[in-house]
Amino acid sequence: MGKVVMYSSVSVDGFVADENDQPGPLFDWLSSGDVPLDESGELKVSQTSYDYTRTYWDQIGVTIVGRHVFDLTDGWDGKPPGGIDHVVVVSHRPMPEGWDPEAPFHFVDGVEAAMAKAQELAGDRMVEVAAGDVGGQVLAAGLIDEVRMDVVPVVFGSGKRYFGSVHAQHLLEDPDVVIQGNRVLHLRYRVRR
């Protein structure tokens, strides 16, 4: 089984989006450099961010997201983002009407079912869990191995929290990766067991 990682870009004060679900400048670092991060040529980062991010992205087999993120992105038009093989959507509702059943998206009810499906699909590859409410639920269930965040120098003041509505304390190890890119600080913490 691969590692399970909770991930997102985040404001300095811990938000993954503002009150209107807008990321604002959280993804500006993805266009702040001159090294293409993917084939599209739209994402260009510093060499430092490329070395860190590309290596990470290449390890991901499956991403778990909530239905809210799926709906906000229109399901990425049926193509998993970043070249990921599969997306598992945690939802109490079935797939949208007219959704292509052949698209590599899997709709499941609950985070435990999502993790089981994701690990089955990922095999030895990494399972990425989007930060926010679903990520917080997976953390609370004790299923996260590592927390990765790309901290962006902006303060939102309020919005959608990185750890969602987690109310219990969870200890993380000291960061074992701290990398400064252009307009971003890449951090990685292992979850203390």
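A salt bridge is a side-chain nitrogen of Lys or Arg within 4 Å of a carboxyl oxygen of Asp or Glu. In this predicted model, the count by that rule comes to 12 salt bridges. One of them joins the side chains of E146 and K3, at 3.3 Å from N to O. This pair links distant parts of the chain, 143 residues apart: E146 belongs to strand β9 (residues 146-152), and K3 to the segment before β1. E146 has a relative accessible area of 0% and is therefore buried, whereas K3, at 32%, is partly exposed. K3 and E146 also belong to a network of salt bridges that includes R148.

Another salt bridge is formed by R93 and D71, with the closest N and O atoms 3.0 Å apart. Here too the pair links distant parts of the chain, since R93 sits in the loop between β6 (86-90) and β7 and D71 in helix α2, 22 residues apart. R93 is partly exposed, with a relative accessible area of 46%, and D71 is partly exposed at 33%.

In a further salt bridge, the side chains of D176 and R190 meet at 1.9 Å, N to O. Because D176 lies in the loop between β10 and β11 (177-181) and R190 in strand β12 (residues 184-190), the pair ties together parts that are 14 residues apart in sequence. D176 counts as partly exposed at 36% relative accessibility, as does R190 at 38%.

The structure holds eight aromatic pairs. F70 is in helix α2 and F107 in strand β7 (residues 105-108), so the pair links parts of the chain 37 residues apart. F70 counts as buried, at 2% relative accessibility. Ring pairs link F70 and F107 with W76, W99 and F105 into a cluster.

The largest pocket has a volume of about 1500 Å³. Its lining consists of 48 residues, and S8, F27, V69, W76 and A130 lie nearest the centre of the pocket. W76 is also a member of the aromatic cluster. Among the elements that each supply at least two residues of the lining are β1 (4-11), α1 (47-59), β5 (60-66) and α2 (67-72). The lining residues divide into 21 nonpolar, 19 polar and eight charged.

Definitions and conventions
Residues numbered from 1 in each chain as written. Predicted model: local features only at pLDDT ≥ 70, side-chain atom pairs only at ≥ 80, totals over all residues. Heavy atoms only, no water. 1 Å grid on protein atoms, 1.4 Å probe; cavity = no way out; pocket = protein on both sides within 12 Å on 5 of 7 lines; lining within 4 Å. Points joined across faces, edges and corners; volume = space filled by probe spheres on them. Helix = DSSP H or I, 4+ residues; strand = E, 2+ residues; numbered from the N terminus. Nonpolar A, V, L, I, M, F, W, Y, C, P; charged D, E, K, R; others polar. Phe/Tyr/Trp six-rings, centres within 6.5 Å; stacked < 30°, edge-to-face > 60°. Buried < 20%, exposed > 50% of the residue type's maximum accessible area, 1.4 Å probe, protein only.
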